[in-house]
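Here is a friendly walk through one protein model. Take a moment with the sequence and the 3D view, then read on.

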Amino acid sequence: MTVLLTAPDSLGLTLDLALAGLTVGSAAALSGIGLVVCHRATGVLNIAQGAQAMAVAYLLRDLVVVRHWPVWPAVACCLLVVAPALGVLLDVLVHRPLQRRGAGPAETMVAGLGVFVLLIGVAVLLWGPAPLAGAPSPFGGAPIRLPGGHTLRPDTVAQLAAILVLGLAVAATTRWTRLGLHLRAVVDDRRLAALTGVDSDRVSAIGWAFGTFTAGLVGIALAPYLLLDPYGLPLLVMETMAVAVAARLRSIPVAVATGLGLGIAQSELTRLRPTGQLLPLVEAVQSNLFVIALLGTALLAGPGITGEAGTTAPLAVLPRRAGGGSGGSGGSGGGRLAGAVCLVLLLLPFGFRGNDLRSALLVPALALVLLSIVVVTGYGGQISLGQAGYAGLGALGTALLMSGRVPGLPALPAAPALLLAVLATAPLGLLTGWPAIRRRGLALALVTFAVGTAMSRFVFQQPYATTGLTLDRPSYLTGDRAFYLAELLLLGLGLLAVRALHRGRLGRALTAMRDHEAGAVAAGVDVPGLKLLAFVAGAALAALGGGLMGLAGRAFDAASFDPVRGLLWFAAVVVAGADSALVAVLAAALLIGLDAGTVTGVSAVAVGTLAATIGRLPGGLAALPTRHRARTRALPPLPPGHLSPTGQRLRAALERRR
């Protein structure tokens, strides 16, 4: 197999492709500047930057196309008023409470994911889930002609000018102004800076305002070349996070050089046109170089990317319960109540018909996928944002085996195809489990997200893997009720397997690893082996749920396993209370029920709002009964005095509840 070039290898062609690559590269460089400055001012990686860029781009289109504003006043309103105000609002409502009580990086990351999901849900509610065309470009007009017959887009020139101006402005502010001195003080030690009179809240607000301003600039720069998609644009901007990771969230020159270099390299790769079956794979690499860069930089950067190297703190958003192997939800009483609610929710669909019953088919399947997050995150304490990728592999593997597309195997019935797909996907959990041995927190989150995104871009969205697939149910499960009953049986087996995993000596070891990894190592726990076990078991459960999702819809749908949906699923499990297996069922019913019973986007708004306020809900919704009992026990003694018989009975009842 040889690789051919479709055009002459000339200096002119190289220069033309480099100039074309500057459009995407300059947008990535702007993204990197915003991420670096925001992190230097706040200590937080703005993981919601892609959703912020999408929201500003949608607003600009609405003002210009729908409300007929002139372009430049609309741009000024979006970038100079709305975007900074949004940044300050997020600082005040979401991040400042977390910083004041010393929240860890995991809790801060979940809050950022909540903002990400919330903004996407709001965009879907306001403008719909369908992609929109016609995003305005402030710098329209004819291309600028350069010597030698080369051309450059006016908006590219504007983006390069913005990079230069912002870079110089940040450098000058940091070195020669009082704000820069305060910024360096806050970065070095926020509490010590506050003791010396530095207004750290003001510095953080400026950092968030600048970060959201640059996010809006990136969204406005990219939107004219794309369809405005509430899922696609945030994911595209999130991929440019590789630029900031390569700069280790410190160096603006490195971020700018990396962004421009990746944009040019991606454009230069379009010259390659391989013959034969390599063409789809090479084209996927050409259009997804930033995904590869994100995976590579996250792996190479190591655990010290955000200064969290060596941390042994547990995932702060999880509750810590006595008797860690129980896997209950807020004690035996709360566990029985949650079990009863789950049973009612799972039995209700037997009374449904038509579209309601078809929507309910997704609940047990999604519950299995969410159960994989409970195993990895709730029991193992490891952040995994790539479980949607394993669910997609389960669905795609089942479809390939049923369609006879696997070399050496005939077309298989649904049951053995699903079983083989789960068995084949489970070892692939090592793709995220192996990096987890030496990484935690945000560094691990970036790796797992990059792995899930790579699966989507290089497998699920490629015609060579997804054309000509068959996903027919067996003859005895063609009816929706029969198939739903089979799903419930598999879900029950999954819950029993997870219960067995979390009980006994193994459950205690998982709890010890989650609560204090260094202490678990000192106690002789095989932490690397436990991490691999958690990720392999999680991959198997996600693959089983994904395969059932494909069979429920009788087709493989790549959009069902989009990485953004994986972020929504992760946030839903965490806010519901990731330390309970039953939470997976409740969260699945909530997500499917809200979208099926209302309008698309409501579930994202609900989950995003709860995740953004996770600082006020430690342990998630499942820990509410525990916190209520703690407050009840803390009631002050009742004042002495003469009470009536009714008052005495009430007092005795209160005493018993303490």
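How many helices and strands does the protein have? There are 30 helices and four strands, and keep in mind as you look around that this is a predicted model.

Some totals for the protein are collected here.

| Property | Value |
|---|---|
| Buried share of the 658 residues | 52% |
| Share of contacts (separation of 6 or more) between residues 24 or more positions apart | 78% |
| Accessible surface | about 27600 Å² |
| Share of that surface belonging to carbon and sulfur atoms | 67% |

Now for a pair of helices. Helix 22 spans residues 480–501 and helix 25 spans residues 527–553; their axes come within 11 Å and cross at roughly 175°. Because an angle over 145 degrees counts as roughly antiparallel, helix 22 is roughly antiparallel to helix 25. On the helix 22 side, the residues in contact are Phe483, Glu487, Leu490, Gly494, Val498 and Leu501. Their partners in helix 25 are Leu533, Leu541, Leu544, Leu548, Leu551 and Ala552. Sorted by class, this contact has 10 nonpolar residues, one polar and one charged.

The largest nonpolar core holds 172 residues, and the members touching the most others are Met109, Phe116, Met241, Leu370, Trp569 and Phe570. Which residues does Leu370 contact, leaving aside its neighbours within four places in sequence? With those set aside, Leu370 is in contact with Trp569, Val573, Ala584, Ala587, Ala588 and Leu591. There is also a second, separate core of six residues, among them Ala41, Ala193, Val198 and Val203.

Definitions and conventions: Residues numbered from 1 in each chain as written. Predicted model: local features only at pLDDT ≥ 70, side-chain atom pairs only at ≥ 80, totals over all residues. Heavy atoms only, no water. Helix = DSSP H or I, 4+ residues; strand = E, 2+ residues; numbered from the N terminus. Buried < 20%, exposed > 50% of the residue type's maximum accessible area, 1.4 Å probe, protein only. Contact = heavy atoms within 4.5 Å. Areas by Shrake-Rupley, 256 points an atom, 1.4 Å probe, with all protein chains shown as cover. Axes fitted to C-alpha atoms, helices over the stretch in contact; angles between N-to-C directions. Parallel < 35°, antiparallel > 145°, perpendicular 65-115°, else oblique. Nonpolar A, V, L, I, M, F, W, Y, C, P; charged D, E, K, R; others polar. Core = buried A, V, L, I, M, F, W, Y, C linked by side-chain atoms within 4.5 Å.
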